[in-house]
Amino acid sequence: MMNGKEILTIFGFEVSEEPKSIYPYSPVYRVKYGDKDVVVKRTQRRAKNVMSYITMLKDKGVNVVTPVKLQVNNPQKYEDTNFVVYPFIEGKKYSGKEKEIYGAGKLLGQIHSFSPSSNAYNLLDYDVYDFNELEVEESMEAIIQHADNAGVEIDTGLKTKLLESVASQQELYHAGLPHVSTPHDFKANNLVLIPEPYLIDPDNATWIPRIFDLALALLLFHN
């Protein structure tokens, strides 16, 4: 189990007791830095690459968090995990209003428009063509189990579509789909409205076929 006090200490933050994460699924700590609030959170293994990429986006006018300037390096490694300090962004949560939906789509389009034509920031190259039939079987079993537990009926024709997708992977691989550098986790709970959308979690940034990133946003935006 990670020691939150030790994580904060490497950035120069002094705390008297173990901090509580503000996010239930991973360590995210909100602390004071001078007269401002900042967030200490986990980032991916290519941390410096991600920071260079999102700094480029910020310089282009994109609403995205970038590392706070500290007296120590930011990000830092704790054990085998990278952590970064971002400013805490005050704002409202997404509520599904048409204006918010439009703004969120505009922001993702803006991010894609500034992507270089090659993986210039050496982001992780997401392999979207490694899905296999066994994973389809396991995924469908899990989906059906969750649906049964919730008392919901689902269309099991999804399995056929997924298997067809697996069979088409090599064809897609050789199709030369356009790729983009993208945060790759563009969904409602990663945005704060100030009132325009502001991306507060860019740490899954990767190099991926653009259509896959759009599909993921479509499927998971409200998840």
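Q: Which residue is the bridge partner of Tyr33 in E2?
A: In this predicted model, E1 and strand E2, which covers residues 36-43, pair in the antiparallel sense over six bridges. Within E2, the bridge partner of Tyr33 is Lys36.

Q: What is the order of the strands in the open sheet of four strands?
A: The edge strands are E1 and strand E3 (76-78), each of which pairs on one side only. Six bridges join E2 to E4, which run antiparallel, and three bridges join E3 to E4, again in the antiparallel sense. The twist averages 35° from one strand to the next. With antiparallel pairing, the open sheet has the order E1-E2-E4-E3.

Q: Which residue stands opposite Lys41 in E4?
A: E2 and E4 run antiparallel and are joined by six bridges. In E4, the residue that stands opposite Lys41 is Val84.

Q: Which residue of E4 stands opposite Gln76?
A: E3 and E4 run antiparallel, with three bridges between them, and their hairpin has two residues between the strands, where Glu79 takes a positive phi near 55°. In E4, the residue opposite Gln76 is Phe83.

Q: How many of the seven residues of E4 are buried?
A: Helix H2 (residues 47-59) packs on the sheet, touching E2 and strand E4 (81-87), and the direction of H2 makes about 25° with that of E4. E4 is mostly covered, and the number of its seven residues that are buried is six.

Q: Is Ser26 buried or exposed?
A: Ser26 lies in the loop between helix H1 (4-10) and strand E1 (28-33). Leaving aside residues up to four places away in sequence, Ser26 touches Ser21 and Arg42. Its relative accessibility is 18%, and because the cut-off is under 20%, Ser26 counts as buried.

Q: Which element supplies the largest share of the lining of the largest pocket?
A: The largest pocket has a volume of about 940 Å³, and of the 31 residues that line this pocket, the closest to its centre are Tyr23, Asn189, Asn190, Ile200 and Asp201. By class, the lining has 15 nonpolar, seven polar and nine charged residues. E2, E4 and strand E7 (191-193) each supply at least two residues of that lining. The largest share, four residues, comes from E2.

Q: Which element gives the largest share of the lining of the second largest pocket?
A: The second largest pocket has a volume of about 800 Å³ and is lined by 26 residues, of which Tyr126, Val128, Phe131, Phe212 and Leu216 lie nearest its centre. Helix H5 (158-167), helix H6 (169-173), strand E9 (206-209) and helix H7 (210-220) are the elements that give two or more residues to this lining. The lining divides into 15 nonpolar, seven polar and four charged residues. Its largest share, five residues, comes from H7.

Q: What is the relative accessible area of Asp213?
A: Asp213 lies in helix H7, and its C-alpha atom is separated by 15 Å from that of Phe114, 99 residues apart along the chain. Not counting residues up to four places away in sequence, Asp213 touches Leu108, His112, Thr182, His184 and Ile208. Asp213 is buried, with a relative accessible area of 2%.

Q: What is the phi of His184, although it is not a glycine?
A: His184 lies in the loop between strand E6 (179-182) and E7, and at 13% relative accessibility this residue counts as buried. Most residues other than glycine have a negative phi. His184 is not a glycine, yet its phi is positive, at about 60°.

Q: Where does Asn122 lie?
A: Asn122 has a positive phi of about 50° although it is not a glycine. With a relative accessible area of 42%, Asn122 is partly exposed. Its place is the loop between helix H3 (98-113) and strand E5 (124-125).

How values were computed. Residues are numbered from 1 along each chain as its sequence is written. This is a predicted model: local features need pLDDT of at least 70, side-chain atom pairs count only at pLDDT 80 or more; totals for chains, interfaces and linings use all residues. Side-chain values use heavy atoms; hydrogens and water are left out. Buried means under 20% relative accessible area, exposed over 50%, partly exposed in between (1.4 Å probe, protein chains only). Contact means heavy atoms within 4.5 Å. Two strands pair if DSSP finds at least two bridges between them. Axes are lines fitted to C-alpha atoms, for helices over the stretch in contact, and angles run from 0 to 180 degrees between N-to-C directions. On a 1 Å grid over the protein atoms alone, a cavity is a set of points where a 1.4 Å probe fits but cannot get out, and a pocket is an open set with protein on both sides within 12 Å along at least five of seven lines; lining residues have an atom within 4 Å of a point. Grid points are joined across faces, edges and corners, and a volume is the space filled by probe spheres set on the points. Ala, Val, Leu, Ile, Met, Phe, Trp, Tyr, Cys and Pro count as nonpolar, Asp, Glu, Lys and Arg as charged, and the others, Gly among them, as polar.
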